[in-house]
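Reader: I have a new model open on my screen, and I would like to learn how to read it. Could you take me through some features one by one?

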2 protein chains.
Amino acid sequence: METEELENPWHVLAELIEAKYADGVRAFLEGLGALETARVISRLDAENQTKLLLLLDPGEAASLLEGVSDTQAADLIEQLPVKTAAAILDEIRSDQQADLLAQIPSQNAEAILSKMSPEEAVDARRLLEYPKNTAGGIMLTEYLAYPGGKTIGQVVADLESHRGSYADYTVQYLYVVDSAGKLKGVLRMRDLVFSASNATLAEVMIREPLSLQATASTDEVRAFFEGEKLLGAPVVADDGRLIGVVTRSAVRNAASEHATRQFLGISGIVGGEEFRSMPLMVRSGRRLSWLTINIVLNIVAASVIAAYTDTLSAAIMLAVFLPMISDMSGCSGNQAVAVSMRELSLGLVRPSETWRVFGKEASLGIINGLVLGALLGAVAMIWTRNPYLGLVVGVALAANTVLAVCLGGLLPLVLKRIKLDPALVSGPLLTTVTDMCGFFLVLSLATLMLSKLH
Amino acid sequence: METEELENPWHVLAELIEAKYADGVRAFLEGLGALETARVISRLDAENQTKLLLLLDPGEAASLLEGVSDTQAADLIEQLPVKTAAAILDEIRSDQQADLLAQIPSQNAEAILSKMSPEEAVDARRLLEYPKNTAGGIMLTEYLAYPGGKTIGQVVADLESHRGSYADYTVQYLYVVDSAGKLKGVLRMRDLVFSASNATLAEVMIREPLSLQATASTDEVRAFFEGEKLLGAPVVADDGRLIGVVTRSAVRNAASEHATRQFLGISGIVGGEEFRSMPLMVRSGRRLSWLTINIVLNIVAASVIAAYTDTLSAAIMLAVFLPMISDMSGCSGNQAVAVSMRELSLGLVRPSETWRVFGKEASLGIINGLVLGALLGAVAMIWTRNPYLGLVVGVALAANTVLAVCLGGLLPLVLKRIKLDPALVSGPLLTTVTDMCGFFLVLSLATLMLSKLH
């Protein structure tokens, strides 16, 4: 029994929720680690998830949601009455607020925004204006800004009197703005320690601080943080007004979300993350959307085989090698895709450098093609005791490897230039082309020397 | 000409290096962004890379290396004379120091360590003791620790007098240790602002601070930071001595490196990152090491086809559908692999929860199997004008999809339990099994109803 409780703690939680025993729920959740909490919540059914969030204070519910992934949190928010959703969102950090609202259908999001506290709603709307892949999309709107005329002593007093409400302000800088809200200077928190308390901020601040335009792309933001040893940078609107702060960790978060999308994309999970707690038909439908496109591409590639059934009938052992050529060429090409995507993301190659990549991959393709072609050719020769069949298979794999490696290296660059997502499109496009060429090479070579293959 | 210079700035840099014009090199590098710097350095040949690092001060060279990936930085370090390498490593942050040394063959690393400044070498060795996936492996050894008897005033004076050397200490906490170096308390930097300057640290500090064991896994460390709103946490050895600090950003870094390895692993890039600036034979050899294993697995799978050549000869159109069944089952399985790996990394599923995953994937597999089987069966029926062939293909794909989806969902869990890397092993193992079963299903079903397939 105890083991079962430890393995399936959500049964206990579900009972506590159904008994509406809020303090019990709190005590139970406190005993769980952060990872465990996410797991337990995802195992509750939708009804109990809603009841749980209603049972807790908005602040507590907000902390819970901050611990789970955005996709899951957005699902949970959507199930709630609009008023409760708004109260909880009021308590969530501004960057996650916008991330969650962006994942909720815009009508529902609008309904929630209209019930949120006016200041929080203004901040959230401001963040929603900017695409997720810009500085404005990943900034925080919780920051400390003061007029330059304030003294160090006044600021320290303000910080002291607002200690509680500033506790979430993780950035260790103070910003100085003019009466129009334009960014004029910056101070590090520790500069407060070393300055006379009657000095004004304008006297002590670093003037003309580095800042990011709200429309700067996350690539630019990342480059900025790689060049500067800062924990955070102010974000300004077109007119120079301070509107937020991008932290180094927000940049890392954005990069890791990008990596997750890449990983899921090349694995054929599209249209957002999938969790096994989602409804079966949603999971099935999203996976199928991808697979049905793939089936069409497969039919296109296989039609090459259908054109050569006479050759195949005459040398049936070729049928053994067709799936192998398809799989091996796909693997060679995918290696090159991965290297290109990695070099693109590190900025080591530009989308325009197609000739360089072509040269590098062609030379590697020739070596690997020769090795793999010789290997598979030898296997085919020994297996079928027919040197000509070995020759056909070996030459076809060698040539197709060169093609696959070059194409795999170039595809991410080309797709990036035409603004398609390399993670989603490279794989299927690559395998369709390499399958068609591979099948064509094997079967047309075999047709040429058909008399020797019997 | 100007375009060429903009596109290929490493030509300019190479000329400056060959002229040994250090100030020119500095001015040139300062004009480049961080991403651009990494690209330019990677395009220099090995000789000029070495000359560049020798031309700059160790501190400047260290900044350069901090901007490129660890794999590249380790390659650059290895090319240098031991003494220069040691001088540069002295200037690099402790966590990256250890990461670089870990990538250099241990004999060379030992030689470099022996020429480093004694304190830096002690710190680096301490970090090298701990595996990369533990708190000890990702901690920084730059932290501020004082005895509890010191007063706030003394600490502020010490901070002020060491402003320059403490500038890299990004963590915003002070630690209090006893005479044996054991962790006793912690203060936030801003607590200095609000405390009387004659108060002792022991009076002001937060007692019994949260800390991490050096041997804690990065999963545990991540769970710790998800639960606590801290920028950093002290790391203690078994005996309670403070030995380092893990920052929130180090945890994110570790997670993003893990994601990169996953992405490269499932794409068949093994044994570390590949950059196109590496020697051709190294790149080729590492890709081949993976492909040759794959060729063996392919031969195993294809041997199923070889056992059924009579059936194939009698119904040659089956050869068209074999590669399709192989590819479609592989894709269905890989989707399930990706979902499992994602849920594992988020802690939403435990490696022991095989039954839950099996149930979730089996139900999805049945739906998707029915849909895909019906689709491909219909295509086969129309294409070959033979309803029985459509039936064989459709039933085989349906059954194999169920198998692939269940296997794909379970493999990462099982591999994690037996401590194999799911990113590397799931894909090849999955496709080999699903290929064999898919080929067997099509060809054995076809053999059963061979009379109807002519």
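Author: Gladly! Let us begin with a definition: two strands pair if DSSP finds at least two bridges between them. Please keep in mind that this is a predicted model.

Reader: How many bridges join strand 2 of chain A to strand 3 of chain A?

Author: There are 5 bridges between strand 2 (residues 173-177) and strand 3 (residues 183-188) of chain A, and the two strands run antiparallel. To find your place, look for A:Val176, which stands opposite A:Gly185 in strand 3 of chain A. In a regular strand, side chains alternate between the two faces of the sheet.

Reader: What order do the strands of that open sheet in chain A have?

Author: The open sheet has 4 strands in the order 1-2-3-4, with mixed pairing. Strand 1 (145-147) and strand 4 (206-207) of chain A are at the edges with a single partner strand each, so one side of each has no neighbour in the sheet.

Reader: Now a hairpin, please. Which residue takes a positive phi in the hairpin of strand 6 and strand 7 of chain B?

Author: That is B:Gly240, with a phi near 90 degrees; the hairpin has 5 residues between its strands. Strand 6 (residues 232-236) and strand 7 of chain B run antiparallel and are joined by 5 bridges, with B:Ala233 opposite B:Val246. In strand 7 (residues 242-247) of chain B, 6 of the 6 residues are buried, so this strand is largely enclosed by the rest of the structure.

Reader: Helices next. How far apart are the end C-alpha atoms of helix 17 of chain A?

Author: They are 27 Å apart, which agrees with the 27 Å that its 19 residues (248-266) should span at 1.5 Å a residue. As a general idea, an α-helix has 3.6 residues a turn, so residues three or four places apart point the same way. The buried residues of helix 17 of chain A include A:Val251, A:Ala254, A:Phe263 and A:Ile266. Just after this helix, A:Gly268 takes a positive phi of about 85 degrees.

Reader: Is A:Leu372 buried or exposed?

Author: A:Leu372 has 25 C-beta neighbours inside 10 Å, and it therefore counts as buried, since the cut-off is 20 or more. A:Leu372 lies in helix 21 (residues 354-384) of chain A. Leaving aside neighbours within four places in sequence, its contacts include A:Met328 and A:Leu397, and also B:Leu291 and B:Ile295 from the other chain.

Reader: Which residues have the most contacts inside the largest nonpolar core?

Author: A:Val442 and B:Val442 do, in a core of 121 residues. Beyond its neighbours within four places in sequence, A:Val442 is in contact with residues including A:Leu318, A:Phe321 and A:Val392. Another core, of 76 residues, lies apart from it and has A:Ala38 and A:Met116 among its members.

Reader: Finally, the two chains. What rotation superposes chain A on chain B?

Author: Two copies of a chain are related by a rotation about an axis and a shift along it. Here the rotation is 180 degrees with 0.0 Å of shift, and the RMSD is 0.1 Å. That is the relation of a two-fold axis.

Reader: How many residues does the contact take from each chain?

Author: The contact takes 90 residues from chain A and 91 residues from chain B. On the chain A side, helix 20 (residues 318-345) gives the most, with 18 residues. That side divides into 47 nonpolar, 27 polar and 16 charged residues. Of the interface residues of chain A, 100% are also interface residues in chain B, so the copies meet through the same surface.

Technical notes: Residues numbered from 1 in each chain as written. Chains lettered and ligands numbered in written order. Predicted model: local features only at pLDDT ≥ 70, side-chain atom pairs only at ≥ 80, totals over all residues. Contact = placed C-beta atoms within 7 Å. Nonpolar A, V, L, I, M, F, W, Y, C, P; charged D, E, K, R; others polar. Least-squares fit on C-alpha atoms with pLDDT ≥ 70 in both. Expected span 1.5 Å × (residues − 1). Buried ≥ 20, exposed ≤ 12 C-beta atoms within 10 Å, placed from the backbone. Core = buried A, V, L, I, M, F, W, Y, C linked by C-beta atoms within 7 Å.
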